[in-house]
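Here is a short briefing on one protein chain. Look over the sequence and the structure first, then read the points below.

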Amino acid sequence: MAHGTQTLERGLELLKLVAAHHPSGLRLTDLAELSDLGLPTVHRLMACLMREGLITQGEVGKRYVLGQYCQQLTAASSNEMPVQHTYGPLIDEIARTTGDATFLVVQSGFDTLCIGRAVGTYPIQALAVSVGHRQPIGVGAGGLAMLAAMPVRDSDALIRTNRERLPYYRDLSMPALKAMVAQARADGYAVIGNYAVSGVIGVGVALHDSMGNIIGGVSVASIKSRMNKERQEQVAQQIKRVMAQYGSAM
């Protein structure tokens, strides 16, 4: 059973890698390097994913891309109410309660994608990112909170995959990001500053559905002088209280 679970996890990791690089695709050697798996293992798992229609190979360069079944899954889920519509009132209320800019992000491959932003009432608003902005998961407070809410195995895999991209964010390193994830797990909320936007500190909390699944991350950002340690904790508790009112499990 343990071996079967490990095989499934490795196959899913490879599928996520292909999804993150769709539609340009990845070569077999790219997948082996990014996943830290041997070429024979990657070849065997990719053959299985191809048989199930989850991936296919493009004509040019035989790069792996998402298959037809993944497209069917996307179409099947498109009828659900968009997350930003469901949780728009939530981030509006958090912005009103805290007075600061509030953001809703979801995981998209190995990134976070900002799908909602609400402006607070404080005279200086730290509008760190706009809707549609992407960045490696963990660089912002919402994504950092999501990493902290995941099993260690999953968060470490995402950090490892993004290791070459992290230094572009003010020399953020794998050890530093892992340390912040560990601190977020201990505190019950995430804090990160100066990496995505200089002089801005964000406080993040993971957003769950009623089944305990991670939907995304909510963060509140403000200028460094306003977001001291005491206020960081206060903001985290304000986010959690509003989430509880909206029935979002923590």
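Two strands pair if DSSP finds at least two bridges between them. Helices (H or I, at least four residues) and strands (E, at least two) are DSSP runs, numbered from the N terminus. This is a predicted model: local features need pLDDT of at least 70, side-chain atom pairs count only at pLDDT 80 or more, and totals for chains, interfaces and linings use all residues. Residues are numbered from 1 along each chain as its sequence is written, and side-chain values use heavy atoms, leaving out hydrogens and water.

**Strand β4 and its partners**
- Strand β3 (residues 101-108) pairs with β4 in the antiparallel sense, over seven bridges.
- Thr 102 has Ala 118 of β4 as its bridge partner.
- Two residues lie between the strands in the hairpin of β3 and β4, where Gly 109 takes a positive phi near 65°.
- β4 also runs antiparallel to strand β5 (residues 134-136), joined by three bridges.
- Here Asp 111 stands opposite Pro 136 in β5.
- Six of the eight residues of β4 (residues 111-118) are buried, so the strand is largely enclosed by the rest of the structure. Buried means under 20% relative accessible area, exposed over 50%, and partly exposed in between (1.4 Å probe, protein chains only).

**Helix α8**
- Helix α8 (residues 174-187) has 14 residues, which at 1.5 Å a residue should span 20 Å; its end C-alpha atoms are 20 Å apart, which agrees. The expected span is 1.5 Å times one less than the number of residues.
- Leu 177, Met 180, Val 181 and Ala 184 are buried in α8.
- Seen down the axis of α8, the buried residues fall within an arc of 105°, so they line one face of the helix. The arc is that of the directions from the helix axis to the C-beta atoms.
- An α-helix has 3.6 residues a turn, so residues three or four places apart point the same way.
- Pro 175 and Ala 186 are exposed on the other side of α8.
- After α8 comes Gly 188, with a positive phi near 90°.

**The whole chain**
- The chain has nine helices and eight strands.
- Its radius of gyration (taken over C-alpha atoms) is 19 Å, close to the 18 Å that the globule rule gives for 250 residues, so the chain is as compact as a globular protein of that length. That rule is 2.2 Å times the number of residues to the power 0.38.
- Of the 250 residues, 43% count as buried.
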